[in-house]
Amino acid sequence: MRVLVVQNYDNTGLGQIGAALREAGAEIDLRNAHHGDAMPQDASEHDAIVVLGGGQNALADDKYPYIPALLDLIRDFEAKDRSVLGICLGSQLMARAFGGENLIGTSPEFGWRRISLTESAEADPVLGALPKDFSSFQWHDDTFTLPDGAVHLAANEATKNQAFRIGRAAYGFQFHFEADQPLVRYWNASFPDLLRERQPGWLERHEDEAAAHGAEADATGLSIARAWVATI
(Lines give C-alpha, C1' and ligand atoms only; values in the text may rest on other atoms or scores of the structure.)
Protein backbone atom coordinates (compact mmCIF):
# COMPACT_ATOMS: atom_id res chain seq x y z
CA MET A 1 0.00 0.00 0.00
CA ARG A 2 1.62 3.26 -1.15
CA VAL A 3 -0.11 6.48 -0.11
CA LEU A 4 0.66 9.93 -1.48
CA VAL A 5 0.37 12.65 1.19
CA VAL A 6 0.21 16.24 -0.03
CA GLN A 7 1.13 18.80 2.62
CA ASN A 8 0.08 22.36 1.79
CA TYR A 9 1.38 24.20 4.86
CA ASP A 10 4.15 23.78 7.42
CA ASN A 11 3.43 21.90 10.66
CA THR A 12 0.09 20.42 9.67
CA GLY A 13 0.83 16.74 10.30
CA LEU A 14 -0.95 13.45 9.71
CA GLY A 15 -2.01 12.80 13.29
CA GLN A 16 -4.45 9.90 13.50
CA ILE A 17 -4.27 9.25 9.76
CA GLY A 18 -0.59 8.52 10.14
CA ALA A 19 -1.32 6.14 13.00
CA ALA A 20 -3.90 4.23 10.94
CA LEU A 21 -1.61 4.08 7.91
CA ARG A 22 1.28 2.76 10.00
CA GLU A 23 -1.02 0.11 11.50
CA ALA A 24 -1.83 -1.01 7.97
CA GLY A 25 1.83 -1.15 6.96
CA ALA A 26 1.45 1.59 4.38
CA GLU A 27 4.35 3.36 2.71
CA ILE A 28 3.84 7.12 3.05
CA ASP A 29 5.11 9.29 0.20
CA LEU A 30 5.06 12.83 1.62
CA ARG A 31 5.24 15.79 -0.76
CA ASN A 32 5.46 19.37 0.51
CA ALA A 33 3.65 20.96 -2.39
CA HIS A 34 3.91 24.47 -0.93
CA HIS A 35 7.71 24.17 -0.95
CA GLY A 36 7.83 23.09 -4.58
CA ASP A 37 8.13 19.32 -4.23
CA ALA A 38 7.42 17.61 -7.53
CA MET A 39 3.96 16.10 -7.77
CA PRO A 40 3.09 12.87 -9.62
CA GLN A 41 1.52 13.31 -13.02
CA ASP A 42 -1.23 10.83 -12.21
CA ALA A 43 -2.37 8.18 -9.75
CA SER A 44 -0.58 5.26 -11.36
CA GLU A 45 2.15 4.83 -8.72
CA HIS A 46 -0.02 5.24 -5.60
CA ASP A 47 -2.98 3.46 -4.07
CA ALA A 48 -4.46 6.52 -2.34
CA ILE A 49 -3.97 10.25 -1.81
CA VAL A 50 -4.32 12.38 1.32
CA VAL A 51 -4.55 16.17 0.90
CA LEU A 52 -3.97 18.01 4.18
CA GLY A 53 -5.04 21.43 5.42
CA GLY A 54 -3.44 24.84 5.33
CA GLY A 55 -3.81 28.51 6.09
CA GLN A 56 -4.42 29.49 2.47
CA ASN A 57 -7.79 29.24 0.74
CA ALA A 58 -8.75 26.87 -2.05
CA LEU A 59 -8.72 29.63 -4.68
CA ALA A 60 -5.18 30.89 -3.96
CA ASP A 61 -3.70 29.81 -7.29
CA ASP A 62 -1.70 33.05 -7.57
CA LYS A 63 0.37 32.33 -4.46
CA TYR A 64 0.23 28.53 -4.75
CA PRO A 65 0.45 27.82 -8.49
CA TYR A 66 0.53 24.05 -8.00
CA ILE A 67 -3.16 24.03 -7.02
CA PRO A 68 -4.66 23.48 -10.52
CA ALA A 69 -2.39 20.45 -11.09
CA LEU A 70 -3.37 19.12 -7.66
CA LEU A 71 -7.04 19.39 -8.63
CA ASP A 72 -6.30 17.30 -11.73
CA LEU A 73 -4.48 14.76 -9.59
CA ILE A 74 -7.42 14.47 -7.18
CA ARG A 75 -9.76 13.88 -10.11
CA ASP A 76 -7.43 11.22 -11.54
CA PHE A 77 -7.29 9.28 -8.28
CA GLU A 78 -11.09 9.24 -8.07
CA ALA A 79 -11.45 8.29 -11.74
CA LYS A 80 -9.12 5.32 -11.19
CA ASP A 81 -11.20 4.28 -8.14
CA ARG A 82 -8.35 4.94 -5.74
CA SER A 83 -9.08 6.27 -2.29
CA VAL A 84 -8.97 10.03 -1.76
CA LEU A 85 -8.99 11.92 1.53
CA GLY A 86 -9.15 15.70 1.80
CA ILE A 87 -9.11 17.42 5.19
CA CYS A 88 -10.03 21.08 5.79
CA LEU A 89 -8.29 22.86 2.87
CA GLY A 90 -8.07 19.41 1.29
CA SER A 91 -11.86 19.06 1.40
CA GLN A 92 -12.27 22.55 -0.05
CA LEU A 93 -9.91 21.65 -2.90
CA MET A 94 -11.88 18.43 -3.46
CA ALA A 95 -15.11 20.39 -3.66
CA ARG A 96 -13.53 22.72 -6.24
CA ALA A 97 -12.08 19.78 -8.20
CA PHE A 98 -15.52 18.29 -8.71
CA GLY A 99 -17.42 21.50 -9.44
CA GLY A 100 -18.42 22.87 -6.04
CA GLU A 101 -18.18 26.57 -5.19
CA ASN A 102 -15.65 27.77 -2.62
CA LEU A 103 -17.08 30.28 -0.14
CA ILE A 104 -14.21 32.24 1.37
CA GLY A 105 -14.42 33.61 4.92
CA THR A 106 -18.07 32.66 5.39
CA SER A 107 -17.84 29.89 8.00
CA PRO A 108 -15.28 30.38 10.80
CA GLU A 109 -14.98 27.64 13.41
CA PHE A 110 -12.28 26.85 15.93
CA GLY A 111 -11.84 24.32 18.71
CA TRP A 112 -13.68 21.12 19.54
CA ARG A 113 -17.20 21.33 18.13
CA ARG A 114 -20.17 18.98 17.81
CA ILE A 115 -20.90 17.38 14.44
CA SER A 116 -23.93 15.37 13.35
CA LEU A 117 -24.11 12.68 10.69
CA THR A 118 -26.74 12.80 7.98
CA GLU A 119 -29.09 9.94 7.16
CA SER A 120 -26.91 9.19 4.13
CA ALA A 121 -24.01 8.44 6.48
CA GLU A 122 -25.80 5.56 8.16
CA ALA A 123 -24.78 3.11 5.44
CA ASP A 124 -21.46 4.77 4.63
CA PRO A 125 -18.44 2.42 4.99
CA VAL A 126 -16.30 5.08 6.71
CA LEU A 127 -18.84 6.87 8.91
CA GLY A 128 -21.67 4.39 9.34
CA ALA A 129 -20.38 2.87 12.58
CA LEU A 130 -19.99 6.20 14.38
CA PRO A 131 -22.44 7.74 16.84
CA LYS A 132 -24.78 10.17 15.12
CA ASP A 133 -23.37 13.10 17.10
CA PHE A 134 -19.74 13.51 18.15
CA SER A 135 -16.99 16.03 18.85
CA SER A 136 -14.06 16.86 16.57
CA PHE A 137 -11.54 19.64 16.19
CA GLN A 138 -12.23 22.57 13.85
CA TRP A 139 -9.97 25.26 12.45
CA HIS A 140 -11.29 26.95 9.32
CA ASP A 141 -12.76 30.14 7.91
CA ASP A 142 -14.04 28.89 4.56
CA THR A 143 -16.61 26.43 3.31
CA PHE A 144 -18.04 25.21 -0.02
CA THR A 145 -21.10 23.99 -1.83
CA LEU A 146 -21.38 20.29 -2.55
CA PRO A 147 -20.43 19.15 -6.04
CA ASP A 148 -23.15 17.55 -8.15
CA GLY A 149 -23.45 13.89 -7.25
CA ALA A 150 -21.71 14.21 -3.89
CA VAL A 151 -23.16 12.34 -0.91
CA HIS A 152 -23.64 14.68 2.06
CA LEU A 153 -22.40 12.90 5.20
CA ALA A 154 -22.09 15.37 8.10
CA ALA A 155 -23.08 18.87 9.21
CA ASN A 156 -23.35 21.21 12.17
CA GLU A 157 -25.01 24.55 12.87
CA ALA A 158 -21.98 26.58 11.82
CA THR A 159 -21.03 24.70 8.66
CA LYS A 160 -23.54 22.70 6.65
CA ASN A 161 -21.02 20.71 4.63
CA GLN A 162 -18.74 18.99 7.14
CA ALA A 163 -18.16 15.79 5.18
CA PHE A 164 -19.01 14.35 1.77
CA ARG A 165 -18.17 11.47 -0.53
CA ILE A 166 -17.64 11.34 -4.27
CA GLY A 167 -17.95 7.92 -5.87
CA ARG A 168 -16.78 4.90 -3.87
CA ALA A 169 -13.99 6.27 -1.72
CA ALA A 170 -13.20 9.95 -2.31
CA TYR A 171 -13.92 11.66 1.03
CA GLY A 172 -13.79 15.31 2.01
CA PHE A 173 -13.80 16.28 5.70
CA GLN A 174 -14.02 19.91 6.75
CA PHE A 175 -13.34 18.97 10.38
CA HIS A 176 -9.92 17.86 11.61
CA PHE A 177 -10.62 14.31 12.73
CA GLU A 178 -6.88 13.64 12.37
CA ALA A 179 -6.11 16.21 15.10
CA ASP A 180 -5.74 14.19 18.28
CA GLN A 181 -4.68 15.89 21.49
CA PRO A 182 -0.92 15.62 20.77
CA LEU A 183 -1.40 17.24 17.35
CA VAL A 184 -3.51 20.06 18.79
CA ARG A 185 -0.77 20.72 21.36
CA TYR A 186 1.76 20.72 18.53
CA TRP A 187 -0.32 23.33 16.69
CA ASN A 188 -0.44 25.43 19.86
CA ALA A 189 3.36 25.35 19.99
CA SER A 190 3.76 25.92 16.24
CA PHE A 191 1.33 28.83 15.82
CA PRO A 192 1.24 30.69 19.17
CA ASP A 193 1.25 34.21 17.73
CA LEU A 194 -1.48 33.43 15.23
CA LEU A 195 -3.61 31.82 17.92
CA ARG A 196 -3.19 34.75 20.29
CA GLU A 197 -4.29 37.10 17.51
CA ARG A 198 -7.14 35.05 16.04
CA GLN A 199 -8.30 33.04 19.06
CA PRO A 200 -7.70 35.16 22.19
CA GLY A 201 -7.61 33.08 25.36
CA TRP A 202 -7.32 29.72 23.57
CA LEU A 203 -3.84 28.91 24.85
CA GLU A 204 -4.98 29.60 28.40
CA ARG A 205 -8.17 27.54 28.24
CA HIS A 206 -6.82 24.76 26.00
CA GLU A 207 -6.19 22.21 28.73
CA ASP A 208 -9.71 22.56 30.12
CA GLU A 209 -11.16 22.21 26.62
CA ALA A 210 -9.00 19.16 25.96
CA ALA A 211 -10.09 17.53 29.22
CA ALA A 212 -13.73 18.06 28.30
CA HIS A 213 -13.64 16.99 24.66
CA GLY A 214 -10.30 15.48 23.68
CA ALA A 215 -10.81 11.82 24.59
CA GLU A 216 -14.10 11.52 22.70
CA ALA A 217 -12.72 13.33 19.67
CA ASP A 218 -9.56 11.20 19.65
CA ALA A 219 -11.52 7.95 19.71
CA THR A 220 -13.88 9.09 16.96
CA GLY A 221 -11.04 10.40 14.83
CA LEU A 222 -9.05 7.20 14.99
CA SER A 223 -12.17 5.22 14.03
CA ILE A 224 -12.63 7.43 10.98
CA ALA A 225 -8.95 7.13 10.03
CA ARG A 226 -8.97 3.35 10.28
CA ALA A 227 -12.22 3.06 8.32
CA TRP A 228 -10.89 5.27 5.52
CA VAL A 229 -7.63 3.29 5.34
CA ALA A 230 -9.76 0.16 4.96
CA THR A 231 -11.13 1.57 1.67
CA ILE A 232 -7.69 1.57 0.05
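This is a predicted model: local features need pLDDT of at least 70, side-chain atom pairs count only at pLDDT 80 or more; totals for chains, interfaces and linings use all residues.

Strand 9 (residues 151-155) and strand 10 (residues 163-166) run antiparallel and are joined by three bridges.

I read an open sheet of nine strands with mixed pairing, in the order 2-1-3-4-11-10-9-6-7. Strand 2 (27-32) and strand 7 (133-140) are at the edges. Each has a single partner strand, so one side of each lacks a neighbour in the sheet.

Then I asked which strands helix 3 (residues 89-97) lies across. I found strand 3 (48-51), strand 4 (83-87), strand 7, strand 10 and strand 11 (170-173). Helix 3 runs at about 120° to strand 4.

Last, I turned to a helix pair. The axes of helix 1 (residues 16-23) and helix 6 (residues 202-229) come within 8 Å and cross at roughly 45°. Helix 1 and helix 6 are therefore oblique to each other. I noted their crossing as right-handed.

Which residues of helix 1 meet helix 6? I listed Gln16, Ile17, Ala19, Ala20, Leu21 and Glu23. On the helix 6 side, I listed Ala217, Asp218, Gly221, Leu222, Ala225, Arg226, Trp228 and Val229. Sorted by class, this contact has nine nonpolar, two polar and three charged residues.

Definitions and conventions. Residues are numbered from 1 along each chain as its sequence is written. Side-chain values use heavy atoms; hydrogens and water are left out. Two strands pair if DSSP finds at least two bridges between them. Helices (H or I, at least four residues) and strands (E, at least two) are DSSP runs, numbered from the N terminus. Contact means heavy atoms within 4.5 Å. Axes are lines fitted to C-alpha atoms, for helices over the stretch in contact, and angles run from 0 to 180 degrees between N-to-C directions. Angles under 35 degrees count as roughly parallel, over 145 as roughly antiparallel, 65 to 115 as roughly perpendicular and the rest as oblique. A crossing is left-handed if the near helix is turned anticlockwise from the far one by less than a right angle, and right-handed if clockwise. Ala, Val, Leu, Ile, Met, Phe, Trp, Tyr, Cys and Pro count as nonpolar, Asp, Glu, Lys and Arg as charged, and the others, Gly among them, as polar.
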